Amino acid sequence: MSILITGGAGYIGSHTTVELLNAGFDVVLVDDFSNSSPAVLERLEKITGKKFPFYQGSILDTEFLDKVFTKEDIELVIHFAAFKAVGESVQKPLKYYKNNISGTITLLEKMKEYDVKNIVFSSSATVYGTNNPSPMTEDMPTSAINPYGYTKLMMEQILTDVAASDPSWSVTNLRYFNPIGAHESGLIGELPNGIPNNLMPYITQVAIGKLPELNVFGDDYPTPDGTGVRDYIHVLDLASGHLAAVKYNLSHKGAEIFNLGTGHGYSVLDLVKTFEAENKVTIPYRIQGRRAGDIATCYASPEKAKEVLGWEAKKTLKDMVRDSWRWQTTNPNGYED
Ligand code: UD1
């Protein structure tokens, strides 16, 4: 029996693949390379010393999914395949709703058809919206302020409703906080399309000289230094969280939600200073106005994941900045190197 990983060549999907292969699971990867590279597959084999089936295609394509589910013996799906750029989702809402929502529905219909009723879903802390205090707990009210956020919220809801309609389903919604870092080998990492939207890839591109300076979006928030506070989590901790979630999913029915965060908040300037000190580089930065839609502080309560999944994040902010920088310096042009 195998675990099907949609979006397996992406940032979080690739690190989770390493974790599952190292834990002895068989995996099958699916990706359309819309935001990833075929080179990831060779690198995954290099890191793990293992081979695995791969299918290039879209989860919107029913014939493609028929091929995968017919050829492979799948027992659980980890569903990463989705678009994730907030700004682009505002410009192109239909692109986001079609890919993320229709893609998930198509996948779920095929899972039902082939009697594969275990799914671990890639959700986001974005569903906590703008009004909840930190630490955020899974029972807090959810909301969205952009199409990307709405897609995550709707996908969680669809999965929860499916589980409620049929007790043989097992649904695990994982709400990620801010994943950064990369595998210690420097072989896989985050590869943003164009100019990064997220803080860490922007910092590494400034550090390597691709971008002139970092824009710090606001220094007048009610936080210790005035800049936004987030729960940065090493992508390898996130990957081990998926392993714990898979084990839980396979032994429980119904729908559950878990935060995957560290429970610690760091400011934009904490991240910049730690990056500079640990990697011996300078990050020129300029304070700008606040970015629309940002909140002051967002960090997880990791208690439920700790109690129920027996999982907690282990890596430090220093580990995260070091591994992000190693990935950037060993692959200045991403997977083209
Ligand atoms: C963002 C998305 C969130 C999504 C997540 C996925 C927004 C408003 N939120 O989270 O929905 O789930 O990415 O990765 O886009 N910052 C700067 N300068 C920059 C970039 C960021 O100062 O160039 C600051 C931000 O204001 C924020 C912090 O850095 O305080 C983290 O930003 P980012 O990495 O974009 O993550 P989120 O906004 O938390």
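Predicted model: local features only at pLDDT ≥ 70, side-chain atom pairs only at ≥ 80, totals over all residues.
Biologist: Which residue has a polar side-chain atom 2.6 Å from an oxygen atom of the ligand?

Modeller: N198 also places a polar side-chain atom by an oxygen atom of the ligand, at 2.9 Å. The distance of 2.6 Å, again to an oxygen atom of the ligand, belongs to a polar side-chain atom of R230.

Biologist: What percentage of the ligand's exposed area does the protein bury?

Modeller: The ligand is surrounded by 19 residues, and the closest of them are L199, N215, R230, R291 and D294. Polar side-chain atoms of R230 reach to 2.6 Å from a ligand oxygen. Taken alone, the ligand exposes 740 Å², and of that area the share buried by the protein is 87%.

Biologist: Which element gives the largest share of the shell around the ligand?

Modeller: Two elements give two or more residues to this shell, namely α7, which spans 199–207, and β8, which spans 214–217. The largest share amounts to four residues, and the element that supplies it is β8.

Biologist: In what order do the three strands of the open sheet with mixed pairing stand?

Modeller: The three strands form an open sheet whose pairing is mixed, and their order is β12-β9-β14. The strands β12 (266–267) and β14 (297–298) each have a single partner strand, so one side of each is left without a neighbour in the sheet. The strand β9, at residues 229–230, pairs with β14 over two bridges in the parallel sense. The order asked for is therefore β12-β9-β14.

Biologist: Which residue in β14 does V229 stand opposite?

Modeller: Strand β9 covers residues 229–230 and is paired with β14 in the parallel sense. Within β14, the residue that V229 stands opposite is T297.

Biologist: Is the pair formed by the rings of F275 and W325 stacked or edge-to-face?

Modeller: A search of the whole structure finds seven aromatic pairs. For the rings of F275 and W325, the centres are 5.6 Å apart and the planes stand at 70°; planes over 60 degrees apart count as edge-to-face, so this pair is edge-to-face.

Biologist: How many residues apart in sequence are the parts that the pair of F275 and W325 ties together?

Modeller: F275 counts as buried at 0% relative accessibility, and W325 likewise counts as buried at 14%. F275 belongs to helix α9 (residues 268–279) and W325 to helix α11 (residues 317–330), so the pair ties together parts whose separation in sequence is 50 residues.

Biologist: Over the ring of which residue does the charged end of R290 sit?

Modeller: One case of a charge over a ring is K95, which lies over the face of F83 at 4.8 Å from the ring centre. The charged end of R290 lies 4.0 Å from the centre of another ring, and the residue that carries this ring is Y221.

Biologist: Is E88 buried or partly exposed?

Modeller: E88 is found in helix α4, at residues 86–91. Buried means under 20% relative accessible area, and with a value of 26% E88 is therefore partly exposed.

Conventions. Residues numbered from 1 in each chain as written. Heavy atoms only, no water. Pairing = 2+ DSSP bridges. Phe/Tyr/Trp six-rings, centres within 6.5 Å; stacked < 30°, edge-to-face > 60°. Buried < 20%, exposed > 50% of the residue type's maximum accessible area, 1.4 Å probe, protein only. Lys NZ or Arg CZ within 6 Å of the ring centre and 35° of its normal. Near = heavy atom within 4 Å. Polar contact = N/O pair within 3.5 Å; in protein donor to acceptor, adjacent residues only side chain to side chain. Areas by Shrake-Rupley, 256 points an atom, 1.4 Å probe, with all protein chains shown as cover.
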